[in-house]
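Hi,

Here is the structure I said I would pass on. Have a look at it first, and then read my notes below.

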Amino acid sequence: MNILDIAARRLTGLFEVDEWGLDDDLVDMLGPLTSLRWAIAARGEENVPAEGPALVILNRRFGLTEPFVAAEALRRTTGRHLRVVGVPDLPGVGSALRSVGGVPGGVVDLEGLLRSGEVAAVLLDRRMRHSTFAGTLDPSWMRPVLELGVPVVPAIAAGYEFARRWRVVFGRVLPSPSRKGPLAEVEWADRCRRAVQELLDEAFPPRWPFS
Amino acid sequence: MRVLISGMATEVGTRLAMQLEASDAVESVVGFDAVPPRRYLRSAEFHRVDPHDRRRLLRILRDYEPTVVVHLGVYEPEASADTATAIARNEHSAVTVLGAMCEVGSVERFIIRSGLEVYGRSRSAPARPDEDAPVRPTTAFGRSLAAVEKVAVDAGRVADAPVSILRFAPWMGPHIPVPLGRYLRMPVVPVDAFGDLPFTVVDPEDAVSVVNRAMAAGFDGALNIVSPGAVTPSQAVRLGGRIPVPVAGPAWRPVEIAARIAGSPLPEHVRELLIRGRVADGSRSASVLDFVAAHTTIEVVRSLYEWEELAWAQPLEEAFT
């Protein structure tokens, strides 16, 4: 990363921004800053395909830090960007999140990302009180996954919001179902949620005999 | 095929007519518009017709009996007319032209110019809509385009002919009178302070190429026509060596006034583009029409700032003998 080259591209406008707003130069510049803020230990990144589309199902407690650490973990280990779908579309915040890889919108944008060969991520519902339990997953996210036959990778980001240490674990690719349709979407969403729960159970083994 | 071009005086309309004149597959070309084309046409027949003069238009259509109708008579606000006039012309022109075609009965296919503005840029709209995304325009121009599409679909149903609706990204290029191009060429260009979201554009030559392919394919449905890649407003301004100035909220009102005084009026749909961006998924046009734009978005924006000098052509001597 050459700061002078980046600055020159900024001044002349000759830098690349993709259709969803991802700015590669900006992500490269922010890399060292994220290292200062978070110490991220990543595992299982080889489960994410080296090329082509994939969908990562990620847990969240508050959902403020998990997308950033998971994206940074993937970028550092594989060089691929993690496109987190469903970021807030608000003035200022929305634009900033899009420039580092976030994508607002819903299923249509997820399908567009997958068709373009990107690694997209969808967050489970929040579980603020019980961080070791996986939230639910909206089955509608599964529609493009089943139609396009995209591999699904369950993942967890384990840590505390104001702490520095975070663990990111990418689980094994889930085998694609052969069926399609609303019922298959519901079943597949539940299967993905259970896969994330298994990763959470491994990361946070029960402390009490009956918990 | 006998091709009728509505809106022949537009940049794309004129270029299309010039290409079709040289095509062996085209028997003849007739077009009309409210103003004459800016380029010389060798064999294409042009009629200067007021869009309100339905009788004259019907007479031309009945005499000609076109088999392909290319409706490019869609006027962008503040391009060559103010917003109210452009919107009224769009809707009236669509009803008059396309309705008249149903009465003629010779049409085998319709090609309709529309725009990405039909998708709108509300908070709930997809960031990169494909053709299946709902049509929910958020600007007057977008609503008029949606109305044109609806009239076209109805006309196609009555005429039992396929209707290819081409939803173009904004056209841009040197010497083309479009509000976005004029605005970006100002020496100091206000851009949104809180959103620098990407947009895409289309070169007129690529637009002509798509229309040609659509005429041959006879596809029934909508297609997004975009150039590869995207740029943000501040990036586009920097590509031209201009100075971007961040503006937010109520400050846009004085910007609109100042831009109008400077000769670069800022209509609602261009302001929406600057604040909310405007991109779309163009992959279906690649598969249906085998179309890949020859120019990327960055190349099209750069061409806006690289105008060649106008050359004065000497008249042909034989024209005056």
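Let's start with B:Lys150, which is exposed, with a relative accessible area of 56% (exposed means over 50%, buried under 20%, partly exposed in between, using a 1.4 Å probe and protein chains only). Before going on, some housekeeping: this is a predicted model, where local features need pLDDT of at least 70, side-chain atom pairs count only at pLDDT 80 or more, and totals for chains, interfaces and linings use all residues. Residues are numbered from 1 along each chain as its sequence is written, chains are lettered from A and ligands numbered from 1 in the order in which they are written, and side-chain values use heavy atoms, leaving out hydrogens and water.

Back to B:Lys150: its side chain meets that of B:Asp154 in a salt bridge, 3.7 Å from N to O (a salt bridge is a side-chain nitrogen of Lys or Arg within 4 Å of a carboxyl oxygen of Asp or Glu). The two are 4 residues apart in helix α4 (residues 140-159) of chain B, so about one helical turn separates them. (Helices are DSSP runs of H or I with at least four residues, strands are runs of E with at least two, and both are numbered from the N terminus.) B:Asp154 is partly exposed, at 30% relative accessibility.

How many salt bridges are there over all chains? A search of the whole structure gives 31. One of them joins A:Asp18 and A:Arg83, at 2.8 Å from N to O. A:Asp18 sits in the loop between α1 and α2 of chain A and A:Arg83 in strand β3 (residues 82-84), so this pair ties together parts 65 residues apart in sequence. A:Arg83 is buried, with 0% relative accessible area.

In chain B, B:Arg38 pairs with B:Glu11 in a salt bridge, their closest N and O atoms being 3.2 Å apart. B:Arg38 is exposed at 57%, whereas B:Glu11 is buried at 12%. Both belong to a network of salt bridges that also links B:Arg15, B:Arg39 and B:Glu205.

Now, where do the chains meet? 22 residues of chain A are in contact with 24 of chain B (contact means heavy atoms within 4.5 Å). The rule finds 3 salt bridges across this interface. B:Arg276 also forms a salt bridge with A:Asp89, with the closest N and O atoms 2.8 Å apart. On the side of chain A that touches chain B, the elements giving two or more residues are α1 (3-12), α4 (93-99) and α5 (107-115).

Cheers
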